[in-house]
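This briefing is for a reader new to the structure. Look over the sequence and the model first, then go on to the notes below.

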Amino acid sequence: MTGDAAYDYEQLLIFESWDIEGLLNKHCTHGKERWSRKGKTHTDEAKEAISKAHKGKPKTDEAKEAMSKAHKGKSRVPFTDEHKEKIRKANQGKHHSDEHKEKIRKANQGKHHSDEAKEAISKARKGKHHSPEACEKMSKAHKGKSRVPFTDEHKEAISKSQKGKHHSEETKEKMSKSKKGKPKSEETKEKMSKPKSEETKTKMSDAKKGENNPNFGKHCSEETKRKISDSKKKQQKLKCPNCGKECYPNNATRWHFDNCKTK
Ligand SMILES: [Zn+2]
């Protein structure tokens, strides 16, 4: 018998006795050598038969252990797009059990994607948006759940990755819209009302000094100056009832009356 014929005969024997409890595991633990026939692929019929035989049969713990051992440290050949599509279709509408989710979570604890992997994920997601249904689902799933606060390390990483980046006008518009009419949390209000540290003040001031000022190098035309002057003349200065200072309405309402320091 040639090697190929022997292989085929072996396959036939295996298929015929597939249903015998434990047979597959017996062979698996004897060594993966007899299964790894280089370059051989199963025929479609064989695949069908294997698939049928496996349906609904959970693997024994030993079998899982043996498979896990055999795969440790080996990097998987990347799936083809066709294969990925098949997996996606097969999993459509399926959900992991909570137990399974917990297992995945535990297995991934402390693991990080390599920079290469991150790059690949980033590339794959570029320009993609979640569907409205997906957004809705995520929103529902997260409602009422308070996020675990970021660690300082994590915040630093986010800050670093965002340095020098600016939101697009479109994004700004969106953020503004979504915030409009929503009351600020007490925490946010407290943060905003807290007097800023001298360090922060200096930083903010420096950030707008000289050429960093949006008006740097710009001068009002004579006409603009005259207009500003005219409008000021028309405005009546208001006297703050709290500190007695007289100033134009803009500043009066911003810094005096209800907002006066001495109040
Ligand atoms: Zn005042």
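Is Thr253 buried, partly exposed or exposed? The model is a predicted one, and in it Thr253 has 13 other C-beta atoms within 10 Å, so this residue is partly exposed. The cut-offs put a residue with 12 or fewer such atoms in the exposed class and one with 20 or more in the buried class.

**The chain as a whole**
- The secondary structure consists of 14 helices and two strands.
- Of the 263 residues in the chain, 1% are buried.
- When contacts between residues at least 6 apart in sequence are considered, 29% of them join residues at least 24 apart.

**Confidence**
- The mean pLDDT of the chain is 79, and 83% of the residues reach at least 70.
- Among the elements of the chain, strand E1 (residues 238-239) has the highest mean pLDDT, at 92, while helix H2 (residues 23-30) has the lowest, at 42.
- The pLDDT is below 50 over residues 19-38, a stretch that has 11 contacts in the model beyond near neighbours in sequence.

**Helix H7 and what follows**
- Helix H7 covers residues 115-125, and zero of its 11 residues are buried, so this helix lies largely in the open.
- Gly127 follows H7 and has a positive phi, near 75°.

**Helix H14 and the segment after it**
- Thr253 belongs to helix H14, which spans residues 249-255.
- From Thr253 to Cys240 the C-alpha to C-alpha distance is 9.1 Å, and the two residues are 13 apart in sequence.
- Phe257 is found in the segment after helix H14.
- Phe257 is not a glycine, yet its phi is positive, about 55°.
- For most residues other than glycine, phi is negative.
- With 15 other C-beta atoms within 10 Å, Phe257 is partly exposed, and Thr253, with 13, is also partly exposed.

Note on methods. Residues are numbered from 1 along each chain as its sequence is written. This is a predicted model: local features need pLDDT of at least 70, side-chain atom pairs count only at pLDDT 80 or more; totals for chains, interfaces and linings use all residues. Helices (H or I, at least four residues) and strands (E, at least two) are DSSP runs, numbered from the N terminus. Two residues are in contact if their C-beta atoms, placed from the backbone, lie within 7 Å. pLDDT is the predictor's confidence in each residue, from 0 to 100.
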